[in-house]
Amino acid sequence: MKRISLIFAAALVTIFSTSAQIVDDALRYSQIFYNGTARFNSMGGAFTALGGDLSTLSQNPAGLGVFRSSDITFTPQLYHIKNSAQFNGISEDYLYNFNLGQAGIVNNIISKTNESGLITLNVGYSFNKTNNINSSTRIQGTSHTSSMADYWADMSLGTYYRDLAGNAGLAYDAWLMDTITGSGARAYGTVFSNYGDNPPSVYGQNIRRIVTEEGYTGEHAISVGGNWSNKLYFGATLGINRILYTGHYEHLETAGQSMLSGFENFTYTDHYENTGTGLAFKLGTIIKPVETVRLGFAFHSPTFYKINEYFYDNMSTNFESNEHYEFENEPLRYSYALTTPFRALAGVAVQVKKIALLSADYEFVDYSAARFSETGDNFDYSEKNMDIKNTLKSAGNLRFGAEFRMDKLYLRGGYGYYGKAFKTGELNEDLDHSSISFGAGFREKNLSIDFSYTNFSSDRNYILYNTNYESALAGIETRKNIFALTVGYKFGY
């Protein structure tokens, strides 16, 4: 039945499992793509057994014990990401981001010339960006089989029209959908079927969705590490982790022809922001069984985050005869906790005389162990946590690095593979990430300058919306390019 008047009321947004704290959020804050100095980046981050670099404070704190002097480093980065989306055609989008990838200092507080017992003891601090989340994706194409309006109509089936809330309430108020004649006001048609009066639905509309993400995860690592008899290096890190993230998308559908409903276009906007702080503790050791070989081991406790979230959404529609409607839900603010999985790392490094270093790392992490919990509102997260357990799995990450020395010039290369986090049968069961990197460095007494280039690549599937008939699916190919420059200065030796 066509509505004779609009219902204008402030509707509370229902927090569905598809919004706010979902599997993708847990994975986003659990995955770590180690990032740091240019030397660290150019060797693929394979430093579990190497040490001697401030980035290792976030990876294996025993690497701090390798330092024989005080050191300070500063690493600005240029970040470029390009996304290519396949949705009944190919659309491309990209962005640049200039940021601070790493900055830190190590201070040598004990330094002895003896060859046995405690030789050095160091304290250090380093900020390391663990994941740059900045991204822009444009998905565009013509749909002949469904609309996001169908998603809201399908999810509203059985709900009395006066009880509609959240984004479905916006779609109803903005005339995007209405009750079907004879349904008892509990079934809904959309503008594409003239609200159920002229089925089946007529599509052919152009769909455009712009997805933007801003922010990062980073760690302030405060560490202590030492060297025992040049055979055993040890260290511990207190990690203060930070989340700054904004997720935003604008979904636009424009009619490809004149519609009986008079519909021309609608825009739906979804926006949320996460800010959070977490704590983690890390222990590590590096063993040198012979002069040319190092074995590294590290354990990272789970990170315990408290996250604050801000969410809003709104909708506007345009019809013929200059009819325009705009509605928005009341913004929401709430807090929750997230515990990310523990990590276990092992590595081996081999020194080939004084001309080369070779290193390899393996890292184990069980993403299905991530858990949400309430922080005072008594919300039950058991269903969301079960979704994480049933969707994600454990994964192994591999990193390899090499460095070749030619007097004061160093040439480096690396490769990284970050394993599949989704279980078999999930939409993104084949999603993994790989990196290729190279770089060069120059050493002159107490001054060092290093440059690196890293390319990350991944391919994933993205669902725009689900209906009872289909899932509107886009394939997204992502390529990231990171250019880093590190300036380092040694003192106190």
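A residue is called buried here when its relative accessible area is under 20%, exposed when that area is over 50%, and partly exposed in between, with a 1.4 Å probe and protein chains only. The structure is a predicted model, in which local features need pLDDT of at least 70 and side-chain atom pairs count only at pLDDT 80 or more, while totals for chains, interfaces and linings use all residues. Residues are numbered from 1 along each chain as its sequence is written, and side-chain values use heavy atoms, with hydrogens and water left out.

The mean pLDDT (the predictor's confidence in each residue, from 0 to 100) is 93, and 95% of the residues reach 70 or more. Over residues 1–20, however, the pLDDT is below 50, although this stretch has 50 contacts in the model (heavy atoms within 4.5 Å) beyond near neighbours in sequence. Where pLDDT is low, the predicted coordinates should not be read in detail.

The protein comprises five helices and 21 strands, taken as DSSP runs numbered from the N terminus (helices H or I, at least four residues; strands E, at least two). Its C-alpha trace spans about 90 × 45 × 35 Å along the principal axes, and 54% of its 493 residues are buried.

The largest nonpolar core has 42 residues, of which W152, L176, M177, F263 and L464 touch the most other members; such a core is a set of buried Ala, Val, Leu, Ile, Met, Phe, Trp, Tyr and Cys residues joined through side-chain atoms within 4.5 Å. Among the elements that each supply at least two residues of this core are helix 3, helix 4, strand 20 (447–466) and strand 21 (471–491), and the largest share, five residues, comes from helix 3. A second, separate core of 25 residues includes L27, I243, Y245 and V365.

Helix 4 (residues 166–173) is mostly covered, with eight of its eight residues buried. The cover over these residues includes helix 3 (148–155), strand 9 (263–290) and strand 11 (304–319). Just after helix 4, W175 takes a positive phi of about 70°.

N230 lies in the loop between strand 7 (205–228) and strand 8 (232–254), and this residue counts as buried because its relative accessible area is 13%. The N230 side chain makes polar contacts with the side chains of R68, at 2.7 Å, and N227, at 2.8 Å; a polar contact is a pair of N or O atoms within 3.5 Å, and within protein one must be able to donate a hydrogen and the other to accept it, while residues adjacent in sequence count only if both atoms are side-chain atoms. Leaving aside residues up to four places away in sequence, N230 touches R68, E115, I119 and K288.
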